[in-house]
Amino acid sequence: MSTTSAFAGHSHDYTDGDTVLEGYYQPANSTPAKGTVLIVHQWMGITENEKMRAALLAGQGYNAFAIDMYGKDTRPTDTDEAGKLATLYKSDSDLARTRLAAALEEVKKFADVDPQKIVTIGYCFGGTMALEQARDGADILAAISYHGGLGTPKKATAETLKAELLVHHGAKDPLISAEEISGFQQEMADADARLSFYQYPHAVHAFTQKGSGDDPSQGFAYNEAADRLSWQRTLDALDRLFSL
């Protein structure tokens, strides 16, 4: 379903303490919305890629809010700057979780948002953050990670972890070690997590990002088959979760 002017996305300012953040909100293309999806950006911040996913979700009947982890006036201009910003949040769980909580509380204020029907998805850095939000015990139905990092300074526990987890991982991703995968799976087993861990053959890092190129030997590249299948699995999960 294509978007119309009545349902066009728009920037939305909100705050985390004294930090002003600039997200992007696109309401569902039909009312009432089936549910709401938070989108956590990759390391370059909110780009057309996140807005494209928001439009796709809106077309499926979901509100979509692409959240801002960095701050309205903090936009990386190159990968070196993006790497430093992403590392800051990945290494400081308290900062990351506070920023994620601010977005969750903000979206609950929006019209047609059922606070009991929210799911978070994220890409690369955003995938790591989606899992971090679940580890924090956030009141979301699920956290869905696409080619994100799996480690954390603060592991999940059975007492705090509420959300279902879906992880879409490139089987050939050179940035995520076998030790990181096994450590994550053990962490989730210890936390009695509801985890679906999907590995995509031949896919490397950033396999859903068309801008990542087409040369897997670089360690990151778009993989159409993995992109399509991971997206369909996400849509199937959303349909199930929001129907409960």
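## Leu 150 and the nonpolar cores

Leaving aside residues up to four places away in sequence, Leu 150 touches Leu 131, Arg 135, Val 167, Ile 176, Glu 180, Ile 181, Phe 184, Glu 187 and Phe 197. The model in which these contacts are found is a predicted one. Leu 150 also belongs to the largest nonpolar core, a set of 40 residues, where it is listed with Phe 65, Ile 67, Met 69, Val 107 and Met 129 as having the most contacts inside that core.

Two or more residues of this core come from each of strand E2 (19-26), strand E3 (35-40), strand E4 (62-67) and strand E7 (164-170), and likewise from helix H2 (79-91), helix H3 (93-107), helix H4 (125-135) and helix H5 (178-190). In soluble globular proteins, nonpolar side chains tend to be buried together.

## The eight-stranded sheet

The strands form an open sheet of eight, in the order E1-E2-E4-E3-E5-E6-E7-E8, and their pairing is mixed. At the edges stand strand E1 (10-16) and strand E8 (195-200); each has a single partner strand, so one side of each is left without a neighbour in the sheet. From one strand to the next, the twist averages 20°.

Several of the pairings can be described residue by residue. E3 and E4 are paired in the parallel sense over six bridges, and Gly 35 has Tyr 62 as its bridge partner in E4. Parallel pairing is also found between E6 and E7, over five bridges, where Tyr 146 is partnered by His 168 of E7. E7 and E8 pair in the parallel sense as well, over six bridges, and here the bridge partner of His 169 is Gln 199 in E8.

Strand E7 is mostly covered, with seven of its seven residues buried. The burial extends to both of its faces: Glu 164, Leu 166, His 168 and Gly 170 are buried on one side, and Leu 165, Val 167 and His 169 are buried on the other.

Helix H4 lies across E3, strand E5 (118-123), strand E6 (142-146) and E7, and runs at about 145° to E5. Helix H5 also packs on the sheet, where it touches E7 and E8, and its direction makes about 160° with that of E8.

Helices H2 and H3 pack with their axes 5 Å apart and at an angle of about 95°, which makes H2 roughly perpendicular to H3. Leu 88, Tyr 89 and Ser 91 of H2 make this contact with Ser 93, Leu 95, Ala 96 and Arg 99 of H3; by class, the residues of the contact of H2 with H3 divide into four nonpolar, two polar and one charged.

The axes of H3 and H4 come within 9 Å and cross at roughly 85°, and these two helices are therefore roughly perpendicular to each other. On the H3 side the contact is made by Ser 93, Ala 96, Arg 97, Leu 100 and Leu 104, and on the H4 side by Met 129, Glu 132, Gln 133 and Arg 135. The contact of H3 with H4 has four nonpolar, two polar and three charged residues.

## Loop residues and backbone geometry

Asp 92 lies in the loop between H2 and H3 and is partly exposed, with a relative accessible area of 30%. Although Asp 92 and Lys 154 are 62 residues apart along the chain, their C-alpha atoms are separated by 9.3 Å.

Three further loops hold backbone features of note. In the loop between E2 and E3, where Pro 32 is found, the peptide bond from Thr 31 to Pro 32 is cis, with omega near -5°. Cys 124, in the loop between E5 and H4, is not a glycine and yet has a positive phi of about 55°; at 12% relative accessibility, Cys 124 counts as buried. His 147, in the loop between E6 and E7, likewise has a positive phi, of about 40°, without being a glycine, and His 147 is buried, with a relative accessible area of 0%.

Key: Residues numbered from 1 in each chain as written. Predicted model: local features only at pLDDT ≥ 70, side-chain atom pairs only at ≥ 80, totals over all residues. Heavy atoms only, no water. Core = buried A, V, L, I, M, F, W, Y, C linked by side-chain atoms within 4.5 Å. Buried < 20%, exposed > 50% of the residue type's maximum accessible area, 1.4 Å probe, protein only. Helix = DSSP H or I, 4+ residues; strand = E, 2+ residues; numbered from the N terminus. Contact = heavy atoms within 4.5 Å. Pairing = 2+ DSSP bridges. Axes fitted to C-alpha atoms, helices over the stretch in contact; angles between N-to-C directions. Parallel < 35°, antiparallel > 145°, perpendicular 65-115°, else oblique. Nonpolar A, V, L, I, M, F, W, Y, C, P; charged D, E, K, R; others polar.
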